[in-house]
Amino acid sequence: MFMRAALSWLMLPVYLWQGTRLRMRIERLLPAKVPVSGVVGEEHKGDELRLLVIGDSTVASVGMETLEDTFAYNIAQSVARAHSKRVEWRSAGANSATSGELRDFIVPNIDRRDWTHIFISVGINDMKNFHLAAHFKRNFGTLLYALRTRFPDTRLIWTPIPNMRVCPALPKRLADVLAARADVINAMGVRMCQERSAVHTTPVGDVDESCFARDGFLPNGKGDRVWADHVAPWFKPDDA
């Protein structure tokens, strides 16, 4: 991890130059005005799963137009199909949120109730902001502590940052810089999950340009469905 971090800092001028140019021309997408809670899999009998999805722009449904394309809804659908469970779901996301912002502004305002699973999508904005590994360790680690304290009986699941080199909007050298930073964030995220009683998935694979929204950076409905199907196995109920 140290070598990847050092390499990414050596490439900082590339990030500053190409990143600034990209921000000037990339389309700024808005969150969709869609429901943030619901129930799927109502045909299944027995105990239900109660799923809270928290995170950044993807969870906030940025760039989406219909509920059926949104990330939280698709996770609920994939989990219901994979485990033959009724799933009650709720999303709580914020555009461009970092791990520290989730901890400070999202978690304190979530209903205190008996969620069975909390899925966390965060890290990509910590990466984009060039947060140090120690900074992410502190913020993500205390986010896990805050969730564990507020929801002590809930299974926490975090998903690492995907491969940045497949994002159509990113020039190759900028993608290389962000991929190096993603490796640093992912390694620290896995470590924090292992130390603080959370589960981590593997990064989503099997994505191509058809999985991205028109900004070339965020996932579209197809991308959300691919991602949801990828993480669904980690929601295996305790009685399964």
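Visitor: How many disulfides does a search of the whole structure find?

Guide: Zero disulfides turn up anywhere in the structure. Keep in mind that this is a predicted model.

Visitor: Remind me, what is a disulfide?

Guide: It is a covalent bond joining two cysteines through their sulfur atoms.

Visitor: Is Cys167 buried or exposed?

Guide: Cys167 is at 7% relative accessibility, so it counts as buried.

Visitor: And Cys211, buried or exposed?

Guide: Buried, because its relative accessible area is 4% and the cut-off for buried is under 20%.

Visitor: Zoom out. How many helices and strands does the protein chain have?

Guide: Eight helices and six strands. Starting at the N terminus, the order of elements is α-α-β-β-α-β-α-β-α-α-β-α-β-α.

Visitor: What percentage of the 240 residues is buried?

Guide: Buried residues account for 54% of the 240 in the chain.

Visitor: What about contacts between residues at least 6 apart in sequence: what share joins residues at least 24 apart?

Guide: Of those contacts, 84% link residues at least 24 apart.

Visitor: How many of its residues are buried?

Guide: In α3, 10 of 13 are buried, and the helix is mostly covered. Among the buried ones are Phe71, Tyr73, Ile75, Val79 and His83.

Visitor: What follows α3?

Guide: Ser84, and its phi is positive, near 50°. Most residues other than glycine have a negative phi.

Visitor: Which other residues have a positive phi without being glycine?

Guide: Ser197 is one of them, with phi near 60°. Asp206 is another, at about 55°.

Visitor: Where are those two found?

Guide: Ser197 lies in the loop between α7 and β6. Asp206 lies in the loop between β6 and α8.

Visitor: Buried or exposed?

Guide: Ser197 is exposed, because its relative accessible area is 55%. Asp206 is at 80%, so it counts as exposed too. The cut-off for exposed is over 50%.

Visitor: Which residues of α6 are buried?

Guide: Ala133, Phe136, Asn139, Phe140, Gly141, Leu143, Leu144, Leu147 and Arg150. What covers them includes β2, β4 and β5 (155–158), along with α4 (99–106), α5 (124–128) and α7 (172–195).

Visitor: Which strand holds Val199?

Guide: β6, residues 199–200. Val199 has a relative accessible area of 29%, so it is partly exposed.

Visitor: What does Val199 contact, leaving aside neighbours within four places in sequence?

Guide: Val199 contacts Arg155, Leu156, Ile157, Trp158, Cys193 and Trp234. Val199 and Thr159 are 40 residues apart in sequence, with C-alpha atoms 8.7 Å apart.

Visitor: Now cavities. How many are 30 Å³ or more?

Guide: The count is one. The largest cavity holds about 30 Å³ of space.

Visitor: Which residues line the largest cavity?

Guide: Ser57, Thr58, Ser61, Val62, Met64, Leu218, Pro219 and Asp224. The lining splits into four nonpolar, three polar and one charged.

Visitor: Pro219 is on that list. Where is Pro219 found?

Guide: In the loop between β6 and α8. Pro219 is buried, because its relative accessible area is 17%.

Visitor: What does Pro219 touch, not counting residues up to four places away?

Guide: Thr58, Met64, Cys211, Phe212, Ala213 and Asp224. Pro219 and Asp69 are 150 residues apart in sequence, yet 9.8 Å apart in space, C-alpha to C-alpha.

How values were computed
Residues numbered from 1 in each chain as written. Predicted model: local features only at pLDDT ≥ 70, side-chain atom pairs only at ≥ 80, totals over all residues. Heavy atoms only, no water. 1 Å grid on protein atoms, 1.4 Å probe; cavity = no way out; pocket = protein on both sides within 12 Å on 5 of 7 lines; lining within 4 Å. Points joined across faces, edges and corners; volume = space filled by probe spheres on them. Nonpolar A, V, L, I, M, F, W, Y, C, P; charged D, E, K, R; others polar. Disulfide = S-S within 2.5 Å. Buried < 20%, exposed > 50% of the residue type's maximum accessible area, 1.4 Å probe, protein only. Helix = DSSP H or I, 4+ residues; strand = E, 2+ residues; numbered from the N terminus. Contact = heavy atoms within 4.5 Å.
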